[in-house]
Amino acid sequence: MSRRHSFYARPLLAAAAAVTVLAGTAAAAPADASPGRYTATAAALDDTYYQDAVGKTGAELKAALHTIISDQTKLSYSQVWDALKATDEDPANSSNVVLLYTGRSQSKNDNGGNSGQWNREHVWAKSHGDFGTSTGPGTDIHHLRPTDVQVNSTRGNKDFDNGGSELGSAPGNFTDSDSFEPRDEVKGDVARMILYMAVRYEGTDSFADLEPNDQVNNGSAPKMGKLSVLKQWSQEDPPDTFEKRRNDVIFDQFQHNRNPFIDHPEWVGAIW
Ligand SMILES: [Ca+2]
Ligand SMILES: [Ca+2]
Ligand SMILES: [Ca+2]
């Protein structure tokens, strides 16, 4: 889809960019709308995108963020392939994506369903709320990531928790019968994706109200655990350049909404 339309047609984004340009006169890096560059500083976002959320806490903050991030473009499941090739591009090799759990850099074109290829992992397992892959939560790229086909299968629809046996094919990741623990480098990413989903999907559309809880074995309930562990992971693994860039690419080029917990990790504790 066209970045020209997606970016400049939206007054809110144009306002954010304008503030960035002003801030840029005093900062080292100028504003740049090209992929991979930040298009708005955190301060500019607070004055524009997040202006109705700043200063709130608890249920009020969650409700404000739900309204803000629900204004979005929605993708089809087939569009997700190309989107992930942009959002998860290897910064060291533009022909590749970086896989979530293994950390492997792999050709963008080596996607599919065969062993050794990468496919589309629903970090909020799609059976938890049974939303499938029709346009909606099942195609929301804020929680869809490229993963190794076999590791995706091993994770299955398990809740997240610490513990288990290390995966031979994905060192640093652990699993047992009822939970999955991703590698340290993406623990916070996983937590923030889950909590984004909880705020974005409140049962106000045709899909279930997704919420975290402190359990495993949630099965098909629209729940994902364990909240206490996810909160800890978010603290231990704060947003890095890759995760922030990913949020910007989704905002600029695809869905035009943001994951608030990447911009404001402290909002995790302000809500939960
Ligand atoms: Ca377990
Ligand atoms: Ca991380
Ligand atoms: Ca919810």
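**Entry 1. The chain as a whole**

Of the 272 residues of the chain, what percentage count as buried? I found that 44% of them do. I call a residue buried if 20 or more other C-beta atoms lie within 10 Å of its own, exposed if 12 or fewer do, and partly exposed in between, with C-beta atoms placed from the backbone.

I note that this is a predicted model, in which local features need pLDDT of at least 70 and side-chain atom pairs count only at pLDDT 80 or more, while totals for chains, interfaces and linings use all residues. Residues are numbered from 1 along each chain as its sequence is written, and chains are lettered from A and ligands numbered from 1 in the order in which they are written.

I recorded 11 helices and 11 strands in the chain. These are DSSP runs numbered from the N terminus: helices are H or I with at least four residues, strands are E with at least two.

I then looked up contacts, where two residues are in contact if their C-beta atoms, placed from the backbone, lie within 7 Å. Among contacts between residues at least 6 apart in sequence, 57% join residues at least 24 apart.

**Entry 2. The nonpolar core**

A nonpolar core is a set of buried Ala, Val, Leu, Ile, Met, Phe, Trp, Tyr and Cys residues joined through C-beta atoms within 7 Å. I found 53 residues in the largest one. Those with the most contacts inside this core include Trp124, Ile194 and Leu230. Helix α7 (residues 184-200) gives the most to the core, namely 10 residues.

Why does this core lie between domain 1 and domain 2? Both domain 1 (1-49) and domain 2 (57-62 + 69-271) give residues to the core, so it lies between them. The domain bounds come from an automatic or database domain assignment.

I also listed the contacts of Ile194, leaving out residues up to four places away in sequence: Ile194 touches Val123, Trp124, Pro212, Met224 and Leu230.

**Entry 3. Strands**

I count two strands as paired if DSSP finds at least two bridges between them. Strand β4 (residues 118-122) and β5 pair in the antiparallel sense over 5 bridges. In this pair, Trp118 stands opposite Asp148 in β5. Strand β5 (residues 144-148) is largely enclosed by the rest of the structure, because 5 of its 5 residues are buried.

I next traced an open sheet of 4 strands, with the order β6-β9-β8-β7 and mixed pairing. Its edge strands are β6 (159-160) and β7 (165-167), each of which pairs on one side only. Within the sheet, β8 (residues 170-175) and β9 (residues 179-181) run antiparallel and are joined by 2 bridges. Thr175 stands opposite Phe180 in β9.

**Entry 4. Helix α9 and what follows**

I checked the length of helix α9 (residues 241-254), which has 14 residues. The expected span is 1.5 Å times one less than the number of residues. For α9 this should be 20 Å, and the end C-alpha atoms are 19 Å apart, which agrees.

Several residues of α9 are buried, among them Arg246, Val249, Ile250 and Phe251. Lys244 also lies in α9, but counts as partly exposed because 15 C-beta neighbours lie inside 10 Å. Lys244 touches Pro239 and Ile262, not counting residues up to four places away in sequence. Lys244 and Ile262 are 18 residues apart in sequence, yet 6.5 Å apart in space, C-alpha to C-alpha.

After α9 comes His256, in the loop between α9 and α10 (260-263). His256 counts as partly exposed, with 18 C-beta neighbours inside 10 Å.

**Entry 5. Two loops**

Is Asn217 buried or exposed? Asn217 is exposed, because 11 other C-beta atoms lie within 10 Å. Asn217 lies in the loop between β10 (211-212) and β11, and has a positive phi of about 60° although it is not a glycine.

I found a cis peptide bond joining Gly225 and Lys226, with omega about -5°. Lys226 is in the loop between β11 (223-224) and α8 (227-236).

**Entry 6. Leu61**

I located Leu61 in helix α4 (residues 58-69). Leu61 is partly exposed, with 19 other C-beta atoms within 10 Å. Which residues does Leu61 touch, not counting residues up to four places away in sequence? I listed Ala53, Lys56, Trp267, Ala270 and Ile271. Leu61 and Ala270 are 209 residues apart in sequence and 7.9 Å apart in space, C-alpha to C-alpha.
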